[in-house]
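Here is a short report on one protein chain. Keep the sequence and the 3D view side by side while reading.

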Amino acid sequence: MRIIQILLMLTLGTGLLATPYAGEVFQVSPGVLNQAMGNTGLTYRGSLSAGWWNPALLGAVPDKGIELMRSEHFEGLMLQNQLSLIFGEKTRGSLQIKHLGIDNIKLTRLENEADSLSNLNRPIVWKTVSNNDFILTGGIARQIGAGTFLGISPKLAYRSLAENSGYGFGADLGFFWDSGMGFKSALNLRDFFSTQIIWENGTHEIASPSLDLEAAYGFNLMKKDIPVHLAVRSQIYAEDRGEASLFAAGIFSGDIHGGVLVMPIPSLRLLAGFDIDSFTAGMGVNIYSLGIDYAFKNGAPDGLGATQRVSLSYRW
């Protein structure tokens, strides 16, 4: 734990030099089941996106498999496509390939750019462009004690925003502890060594580090072998995000997430949660080795609309 404390101090110091919101592209989470549980997942072993949520989880995940996900954020404003893979025998690894896209963005300019804005010189749409992000994330874990795991997740990104492009690289450091009696806890130091984003025009951004904390408890409901998973997650950012976060204290700000999963039968998962300012729900169905999952997040008070996710998976 002393190593974790030292790394946390280093990331908080790095946050003072960071560019606000530079790392948002890495914050868009994968996983249908995770979204349905209020965007929790640092302690949940049943997701094939576990390597993104917490690379340390890979040391305790029981399955190998592949998942294809499609998501429409804010009623189709942004599309997300994701491939997640967990592989390996004694040492488990993970891979996520993610694409984020926004199409038909209208660029405007004045009819006469040599003149100032007026009723006779109005803005006109002269071009439509697209924003695309491609992110590659890996993960590997190692057991360091009884029920205790440590993992690391390197990541790369290519960004094409309107008429600019750039590259990003960084890594996350994860920790997972399972008491063996239902209680679990985890943390993920995201962008812990200053994730860099370098643009072709020479602009250089440093992503602000953040700390994810999650506590969970699992039990069987009414002694009828109906598994229940409860989780609470807190994101703490080393920057003041103002109204974009639920709470703030000085240079720090943060968000809260909560979720629940119930398995009334082994092949069915029912999920619900609270994601910052929105309610979430979903379900997952397993047919032998195949899985179909669906999640819904209702529109937030900011009016950006609802988000839906669906995925197909295969486990072996």
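In which strand is the place of L270? L270 sits in strand β14, residues 268-275. Strands here are DSSP runs of E with at least two residues, helices are runs of H or I with at least four, and both are numbered from the N terminus.

The model is predicted: local features need pLDDT of at least 70, side-chain atom pairs count only at pLDDT 80 or more, and totals for chains, interfaces and linings use all residues. Residues are numbered from 1 along each chain as its sequence is written, and side-chain values use heavy atoms, with hydrogens and water left out.

**The chain overall**

The protein chain has four helices and 17 strands. Its radius of gyration is 21 Å, close to the 20 Å that the globule rule gives for 316 residues, so the chain is as compact as a globular protein of that length. That radius is taken over C-alpha atoms, and the rule is 2.2 Å times the number of residues to the power 0.38. Along the principal axes, the C-alpha atoms fill a box of roughly 75 × 40 × 35 Å.

Buried residues make up 49% of the 316. Buried means under 20% relative accessible area, exposed means over 50%, and partly exposed lies in between (1.4 Å probe, protein chains only). The accessible surface comes to about 15500 Å², and 64% of it belongs to carbon and sulfur atoms. These areas come from the Shrake-Rupley method with a 1.4 Å probe; for residues, only the protein chains shown count as cover. Of the contacts with a separation of 6 or more, 51% are between residues 24 or more positions apart. Contact means heavy atoms within 4.5 Å.

**A nonpolar surface patch**

L270 is partly exposed because its relative accessibility is 39%. Together with M283, I292, Y294, F296, V310 and L312, L270 makes a nonpolar surface patch of about 600 Å². Patch residues have over 30% relative accessible area and no salt bridge; like charges are joined within 9 Å, nonpolar side chains (Val, Leu, Ile, Met, Phe, Trp, Tyr) within 5 Å. A salt bridge is a side-chain nitrogen of Lys or Arg within 4 Å of a carboxyl oxygen of Asp or Glu. β16 (290-297) and β17 (307-315) each supply at least two of the patch residues. β16 gives the most, with three.

V25 belongs to helix α2, residues 24-27. V25 counts as buried because its relative accessible area is 4%. Beyond neighbours within four places in sequence, V25 contacts K98, L100, D133, I135 and R159. The C-alpha atoms of V25 and A157 are 8.5 Å apart, although 132 residues separate them along the chain.

S49 lies in the loop between α3 (32-36) and α4 (50-53). S49 is buried, at 0% relative accessibility. With the neighbours within four places set aside, S49 touches P30, G31, N34, E67 and S84.

**Aromatic pairs**

Rings of Phe, Tyr and Trp (its six-membered ring) pair if their centres lie within 6.5 Å; planes under 30 degrees apart count as stacked, over 60 as edge-to-face and the rest as tilted. The count comes to seven aromatic pairs.

Y158 is partly exposed at 30%, whereas Y167 is exposed at 54%. Y314 is partly exposed at 39%. W316 is partly exposed at 47%. Elsewhere, ring pairs link F183, Y217 and F219 into a cluster.
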